[in-house]
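Please keep the sequence and the structure in view while reading.

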Amino acid sequence: MQRRQGRVNAGLLLLLYQISQVGLQNIPSVTLAVLILNVFFFLNPMRPLHEACISVKEAFYRQNWQRLLLSPVHHVDDWHLYYNMVSMLWKGIMLERKLGSVWFAYIIAVFSVLTGIVYVLLEFMLVKILNDPSYEMNCGVGFSGVLFALKVLNNHYNPGRVSSVLGLQISSKYACWVELVAIHFIAPRTSFAGHLAGILVGLMYTMGPLKKIMKACGFSSFTDPDRPRNDYSGYSEYYRYPDDQYRTPNNYYDYTGGLTEEEQLERAVLNSLNERDFGGATYNNERRPYGFWFPPEQHSEEEMRRQRLRRFWRQ
């Protein structure tokens, strides 16, 4: 391990400023650990870049597989580190609160290794298809492949959003593909195959068997990545009531009615329209409960009598 020498790293200083603006207390633990790890290896690289980057020649022919672990956490310069870590900061806050810290850490570890493997396979295919051995020498380094995979996950768990790419409003469903092409034209020296590898790994998780394989390895016993989570993970799991009794909060489904995000949006729109019809936030002079409201059904007198009888016999 050697210390990085030379000029003042403006990109690193700007990154630290961005982190301070967000606040350490607002950054989830795994996301913060990834930021610290990458900054540490930028200041104290374990290997020179030409010994840490991954390529077909080094990983496949020389079987130097340790580069799968080294390449994601090494960066070319401070601006390379800055752009990657600012992107990680935003995506990490979104996804870690959504999936939980244990599962998110598991995802980061798997994606870091798998993105390198897919990158080597893509470069190897280019060598064979184009009959161009120069692709064996292409050496990739940096966290951007993992970030493209996380972007696919973020778009999957937060559908219906619109992203701005070069001033164009693009549906989040296609934003990663547009960014893939745009970045290649703006900065031709970036690794197109490395970024594409990240997108493919993300699709393997959201549309392929990767998530099932990861859950089958035993980590599903720690956390369920499909269980809905709220964004208040920093608060206590207990709330104080006026009678000084501590009670656990209501289940998430009490507030959503078990609806998916799309169904919740549709229900919210319908409720908003119903408020116009009923002249405000009450119905029959009764305050509506918190959460998603389902209008009461109108029953005949005979049906109401049957319901009272059923409630009576249950008691």
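To speak of how two helices lie to one another, an axis is needed for each, and here an axis is a line fitted to C-alpha atoms, for helices over the stretch in contact, with the angle taken between N-to-C directions. The model discussed here is a predicted one.

**The chain as a whole**

The chain holds 14 helices and six strands. Of its 315 residues, buried ones make up 37%. When contacts between residues at least 6 apart in sequence are considered, 70% of them join residues at least 24 apart.

**Two packed helices**

Two packed helices are described by the angle between their axes and the distance between the axes. Helix α1, which covers residues 10-22, and helix α6, which covers residues 78-99, have axes that come within 7 Å and cross at roughly 20°. Angles under 35 degrees count as roughly parallel, and α1 and α6 are therefore roughly parallel to each other. Their crossing is right-handed.

Which residues of α1 and α6 meet? On the side of α1 they are A10, G11, L12, L14, L15, Q18 and V22, while on the side of α6 they are D78, W79, L81, Y82, M85, V86, L89 and I93. Sorted by class, this contact of α1 with α6 has twelve nonpolar, two polar and one charged residues.

**Aromatic rings**

A pair of aromatic rings is described by the distance of the centres and the angle of the planes. Rings of Phe, Tyr and Trp pair if their centres lie within 6.5 Å, and by this rule the count comes to eight aromatic pairs. In one of these, the rings of W79 and Y83 have centres 6.2 Å apart and planes at 35°, so the pair is tilted. Both W79 and Y83 lie in helix α6, four residues apart, which is about one turn of the helix. At 33% relative accessibility W79 counts as partly exposed, whereas Y83, at 57%, counts as exposed.

The rings of F111 and Y205 have centres 5.9 Å apart and planes at 80°, so this pair is edge-to-face. Because F111 lies in helix α7 (residues 101-130) and Y205 in helix α10 (residues 192-206), the pair ties together parts that are 94 residues apart in sequence. F111 counts as buried at 0% relative accessibility, and Y205 counts as buried at 1%. Elsewhere, F60, Y61 and F124 form one aromatic cluster.

| Pair | Distance of centres | Angle of planes | Kind |
|---|---|---|---|
| W79 and Y83 | 6.2 Å | 35° | tilted |
| F111 and Y205 | 5.9 Å | 80° | edge-to-face |

Glu and Lys both count as charged. Is E58 buried or exposed? The cut-off for buried is under 20% relative accessible area, and E58, with 12%, is therefore buried. E58 is found in helix α4 (residues 56-61), and, leaving aside its neighbours within four places in sequence, E58 is in contact with Q63, N64 and R67.

K211 lies in helix α11, which covers residues 210-216, and at 16% relative accessibility K211 counts as buried. The C-alpha atoms of K211 and I107 are separated by 9.2 Å, although these residues are 104 residues apart along the chain.

Note on methods:
Residues are numbered from 1 along each chain as its sequence is written. This is a predicted model: local features need pLDDT of at least 70, side-chain atom pairs count only at pLDDT 80 or more; totals for chains, interfaces and linings use all residues. Side-chain values use heavy atoms; hydrogens and water are left out. Axes are lines fitted to C-alpha atoms, for helices over the stretch in contact, and angles run from 0 to 180 degrees between N-to-C directions. Helices (H or I, at least four residues) and strands (E, at least two) are DSSP runs, numbered from the N terminus. Angles under 35 degrees count as roughly parallel, over 145 as roughly antiparallel, 65 to 115 as roughly perpendicular and the rest as oblique. A crossing is left-handed if the near helix is turned anticlockwise from the far one by less than a right angle, and right-handed if clockwise. Contact means heavy atoms within 4.5 Å. Rings of Phe, Tyr and Trp (its six-membered ring) pair if their centres lie within 6.5 Å; planes under 30 degrees apart count as stacked, over 60 as edge-to-face and the rest as tilted. Buried means under 20% relative accessible area, exposed over 50%, partly exposed in between (1.4 Å probe, protein chains only).
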